[in-house]
Amino acid sequence: MKDHYRTLGVASNASEQEIKLAYRRLAKRYHPDVNAGANGAEEKFKEITEAYSILSDFGLRNNYDSKRNRPLFYEAVSTPEKKDPRRKEYSEEELEWARTRHKKRTLANIARRKNILKGMVITFILFMASSAGFEYWIEKKREKESRIMTLRLDSLLKQSRNYEKTEIESMDSPFDPIFGAGVYVSNSKNKFYVFMPFSDAVICAVQSEWPFRTIRNEFIHAQNGFVMKGMPDGEYYFKLYTGKKWDVKKKNLDGRVRRILGGFTKDEMFFKVESKPYRLQSDFKKNRDTITFDTITISPRILKLTPITKEEFFDPGK
């Protein structure tokens with residue numbers, strides 16, 4: 001006799017439901033459509049079907065059990081294994097569902113870890129970039145602060161020197177705070193030769209055309225001369241501040257404010273030199289109007305000097 005219980009893999013006292021589940025599980029595994037061409041699969045499927053057809057029928061199963069229990073029947077395992085009540089048996093469908101769910105969870109965990117790793121890499125790159133940018137900003141800030149500090153120190157040093165200075169010398173420019181620093185054109189051949197025979201003076205060269213600004217203010221001692229070099233092209237006129245005994249601590253008018261600029265303490269007078277505008281034109285592409293220098297002797301015997309007010313002299317645009 002065939003042992004149909006062993007064929008289905010169930011105990012001899014298995015319930016109808018257990019027999020049905022065992023049959024479905026084995027039928028799916030050994031069905032000819034699933035195992036086309038496999039050796040023994042079709043024969044195995046027939047045995048499973050035969051066992052189920054007998055054990056699933058109450059009458060056939062009783063008849064089979066009565067024959068099976070005779071002494072001549074040999075049963076390899078006479079006593080079925082005791083089931084562990086704590087162990088639950090699952091069907092093939094349940095196991096497949098559990099495998100699929102486990103696979104999905106595993107893939108989801110892998111994807112999550114990849115995203116975390118990617119985020120860590122991006123964060124590290126951004127951190128390094130921001131650190132480099134911050135260091136660059138700090139370096140530029142330090143350079144700027146260093147330049148500002150250098151300029152402040154130079155200014156303080158210059159002020160200190162000005163305060164310590166007790167005398168004025170030829171070619172000094174005492175009124176730069178009002179007229180601005182002297183304008184020099186590099187490589188320009190334009191120049192004025194200036195002679196002052198009768199008095200100490202501050203001589204201002206003023207542009208007589210736009211932008212009408214005072215290009216130079218130079219101090220000169222009486223009976224001396226100097227050269228105004230590097231003059232821009234254009235037409236000029238001159239104004240004078242004459243007198244005696246220069247005091248470097250004297251306050252002079254600066255708009256509506258008086259501040260220490262220096263000035264004469266005796267015989268103080270202001271003049272405008274009345275003459276045609278002096279024109280300087282650099283040699284550029286063989287310009288026919290080239291006049292690169294002129295000589296000016298500031299003397300009442302040679303030039304007409306018209307008195308002007310202090311305010312007119314210190315006005316940068318006059």
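Me: Which backbone oxygen lies 3.5 Å from a polar atom of the side chain of S199?

Reply: In this predicted model, the backbone oxygen of G243 lies at that distance from the S199 side chain. S199 sits in the loop between β1 and β2 (200-207).

Me: Is S199 buried or exposed?

Reply: Buried means under 20% relative accessible area. S199 has 11% relative accessibility, so it counts as buried. Leaving aside residues up to four places away in sequence, S199 touches I220, H221, A222, T242 and G243.

Me: How do strands of a sheet pair?

Reply: They pair through backbone hydrogen bonds, either parallel or antiparallel. Here, three strands in the order β4-β1-β10 make an open sheet with mixed pairing. β4 (224-229) and β10 (293-297) are the edge strands, each pairing on one side only. From one strand to the next, the twist averages 15°.

Me: In what sense do β1 and β10 pair, and over how many bridges?

Reply: Strand β1 (residues 191-196) pairs with β10 in the parallel sense, over five bridges. I296 in β10 is the bridge partner of V194.

Me: Which residues have the most contacts inside the largest nonpolar core?

Reply: That core has 22 residues, and those with the most contacts inside it are F192, I203, M228, M231, F238 and I298. Among the elements giving two or more residues to this core are β1, β2, β4 and β5 (234-247). A second, separate core of 18 residues includes F179, Y237, F313 and F314.

Me: What does M231 touch?

Reply: Not counting residues up to four places away in sequence, the contacts of M231 include V185, F192, A205, I215, Y236 and L280.

Conventions. Residues numbered from 1 in each chain as written. Predicted model: local features only at pLDDT ≥ 70, side-chain atom pairs only at ≥ 80, totals over all residues. Heavy atoms only, no water. Pairing = 2+ DSSP bridges. Helix = DSSP H or I, 4+ residues; strand = E, 2+ residues; numbered from the N terminus. Axes fitted to C-alpha atoms, helices over the stretch in contact; angles between N-to-C directions. Buried < 20%, exposed > 50% of the residue type's maximum accessible area, 1.4 Å probe, protein only. Polar contact = N/O pair within 3.5 Å; in protein donor to acceptor, adjacent residues only side chain to side chain. Contact = heavy atoms within 4.5 Å. Core = buried A, V, L, I, M, F, W, Y, C linked by side-chain atoms within 4.5 Å.
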